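Reader: I would like to learn how to read a model of this kind, one feature at a time. Where should we start?

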Amino acid sequence: DLIRSVDLLVAMPEVDPSRIGCAGLSLGGEMAMWLGAMDERIRAVASSGFLTRMDQMEEGHCPCWKFEGLRGLADWADIYSLIAPRALMCQNGLQEPATDFTVPLAREAMEEIKLIYKDLGAEDRVSLAVHEGAHVIDLPTLIAFFEKYLKI
């Protein structure tokens with residue numbers, strides 16, 4: 001569905017296909033990750049409230065994220081790395097509950113993602129924006145990210 005939405009966007013004469021980005025929070029952050037990983041037309045991805053480890057999501061989270069065999073092959077950092085070398089910003093809040101998308105786990109995962117970006121010479125195009133909130137989007141940082149990478 002997300003890829004079909006991009007198909008629709010690029011078919012519209014008022015849309016510049018070289019400046020398409022996506023953003024989401026929580027499950028939307030997961031969807032932004034998947035779309036960015038699978039569709040190279042997405043030039044900038046902002047995923048808020050989702051960067052973590054799969055182990056953290058085993059208890060108390062919707063099992064909708066589980067695909068047969070996925071955990072044996074990858075963790076979220078591996079999927080996010082497929083976005084490289086295109087722009088990626090993840091956001092996680094310092095007030096996230098300990099059972100959710102905590103900043104320490106996000107930092108661990110981001111270090112793995114940064115390795116791929118560094119190998120591709122694009123380490124300046126990936127970041128983790130830590131904010132004071134909980135499970136929310138930090139809107140000023142999100143807007144600045146898209147202004148920078150999509151030249152809005």
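Reader: Which residues does Arg19 touch, not counting residues up to four places away in sequence?

Author: Some conventions come first. The model is predicted, so local features need pLDDT of at least 70 and side-chain atom pairs count only at pLDDT 80 or more, while totals for chains, interfaces and linings use all residues. Residues are numbered from 1 along each chain as its sequence is written, and side-chain values use heavy atoms, with hydrogens and water left out. Contact means heavy atoms within 4.5 Å. On that basis Arg19 touches Arg43, Leu150, Lys151 and Ile152.

Reader: Where does Arg19 sit, and is Arg19 buried, partly exposed or exposed?

Author: Helices (H or I, at least four residues) and strands (E, at least two) are DSSP runs, numbered from the N terminus. Arg19 is in the loop between α1 (2-11) and β1. For accessibility, buried means under 20% relative accessible area, exposed over 50%, and partly exposed in between, using a 1.4 Å probe and protein chains only. Arg19 has a relative accessible area of 41%, so it is partly exposed.

Reader: How do I read the sheet, and what is the order of its strands?

Author: Start from pairing: two strands pair if DSSP finds at least two bridges between them. Here four strands make an open sheet in the order β1-β2-β3-β4, with parallel pairing. β1 (20-25) and β4 (126-131) are at the edges with a single partner strand each, so one side of each has no neighbour in the sheet. From one strand to the next the twist averages 15 degrees.

Reader: Which helix lies across β3 and β4, and at what angle does it run to β4?

Author: Axes are lines fitted to C-alpha atoms, for helices over the stretch in contact, and angles run from 0 to 180 degrees between N-to-C directions. Helix α5 (residues 103-119) lies across β3 and β4, at about 165 degrees to β4. Its length can be checked too, as the expected span of a helix is 1.5 Å times one less than its number of residues. The 17 residues of α5 should span 24 Å, and its end C-alpha atoms are 24 Å apart, which agrees.

Reader: Which residues of α5 are buried, and what covers them?

Author: An α-helix has 3.6 residues a turn, so residues three or four places apart point the same way. The buried residues in α5 are Val103, Leu105, Ala106, Ala109, Met110, Ile113 and Tyr117. Their cover includes α4 (76-81), β3 and β4. Just after α5, Gly121 takes a positive phi of about 70 degrees.

Reader: How are aromatic pairs classed, and how many are there?

Author: Rings of Phe, Tyr and Trp (its six-membered ring) pair if their centres lie within 6.5 Å; planes under 30 degrees apart count as stacked, over 60 as edge-to-face and the rest as tilted. By this rule there are five aromatic pairs. The rings of Phe50 and Trp76 have centres 5.0 Å apart and planes at 65 degrees, so this pair is edge-to-face. Phe50 lies in the loop between β2 (42-48) and α3 (70-73) and Trp76 in helix α4, so the pair ties together parts 26 residues apart in sequence. Phe145 and Tyr149 form a tilted pair, 5.2 Å centre to centre with 55 degrees between the planes. Both of these residues lie in helix α6 (residues 139-150), four residues apart, about one turn of the helix.
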